[in-house]
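Thanks for coming. I have one structure to go through, so let me put it on the screen.

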Amino acid sequence: IAEAVCVARDVANEHPGWCTPTFLKQTAERIARAYGFESAFFGEDELHQKGMNLLLAVGRGSREDSWLIHLVYRPEGEVKRRIALVGKGVTYASGGYSMKPSEGQLNMHLDMGGAAAVLGAAEAVGRTKPGGVDVHFIVPTVENLVSGDAYKVNEIVKGYAGISVEVL
């Protein structure tokens, strides 16, 4: 359980220049491979086909693709219950054209804390393998920017001299 908590904490604490929708997808892929989960990753074409236009609208200004991540744990033996854990994965929330003031953008990379919790829970379920319950882990993930090339508040950038600076 402690290792799973570390997964959630590490994902949530990653700076927004690194923790993108692609990073969350890669983390989910690693968990799915490690524990044999069923997995589906719906990219922008599939999201358009499914009519998930609100999800796509939030991520429209970013260079990062938006994703809907769906992992499924199926236990051995009889299934008595099914549950779903859903976690919001907005890896950065600038507010779009309703731009938040600088102080309102501090720590907006934590708008994906729900996604981090769900991925941590997937890690815990994969490690403990509970019986009798199907568990679905669902993470819609986007990056909300007005330009995918803009730097983000809280992003860490390494300068020419090799010194890393957190943009505040």
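Start with K25, which sits in helix α2. Keep in mind that this is a predicted model. Is K25 buried or exposed? Its relative accessibility is 15%, and the cut-off for buried is under 20%, so K25 counts as buried. Apart from neighbours within four places in sequence, K25 is in contact with F41, W67 and I69.

Now the helix itself. Helix α2, residues 21-35, packs with helix α6, residues 113-128, at an angle of about 10 degrees, and their axes are 9 Å apart. That angle makes α2 roughly parallel to α6. Which residues make the contact? On the α2 side they are L24, T27, A28, R30, I31 and Y35, and on the α6 side A115, L119, A122, E123, G126 and R127. Sorted by class, this contact has seven nonpolar, two polar and three charged residues.

Next, the cores. The largest nonpolar core has 25 residues, and those touching the most other members are V11, L24, F37, I69, L71, M112 and F137. At least two residues each come from α1 (2-13), α2, β2 (67-73), α6 and β5 (133-144). Which element supplies the largest share? That is α6, with six residues.

Take L71 as an example from this core. Leaving out neighbours within four places in sequence, L71 is in contact with A28, I31, A32, F37, E38, S39, F41, A122, V135, H136 and F137. There is also a second, separate core of 11 residues, among them L47, M108, V142 and L145.

How values were computed:
Residues are numbered from 1 along each chain as its sequence is written. This is a predicted model: local features need pLDDT of at least 70, side-chain atom pairs count only at pLDDT 80 or more; totals for chains, interfaces and linings use all residues. Side-chain values use heavy atoms; hydrogens and water are left out. Axes are lines fitted to C-alpha atoms, for helices over the stretch in contact, and angles run from 0 to 180 degrees between N-to-C directions. Helices (H or I, at least four residues) and strands (E, at least two) are DSSP runs, numbered from the N terminus. Angles under 35 degrees count as roughly parallel, over 145 as roughly antiparallel, 65 to 115 as roughly perpendicular and the rest as oblique. Contact means heavy atoms within 4.5 Å. Ala, Val, Leu, Ile, Met, Phe, Trp, Tyr, Cys and Pro count as nonpolar, Asp, Glu, Lys and Arg as charged, and the others, Gly among them, as polar. Buried means under 20% relative accessible area, exposed over 50%, partly exposed in between (1.4 Å probe, protein chains only). A nonpolar core is a set of buried Ala, Val, Leu, Ile, Met, Phe, Trp, Tyr and Cys residues joined through side-chain atoms within 4.5 Å.
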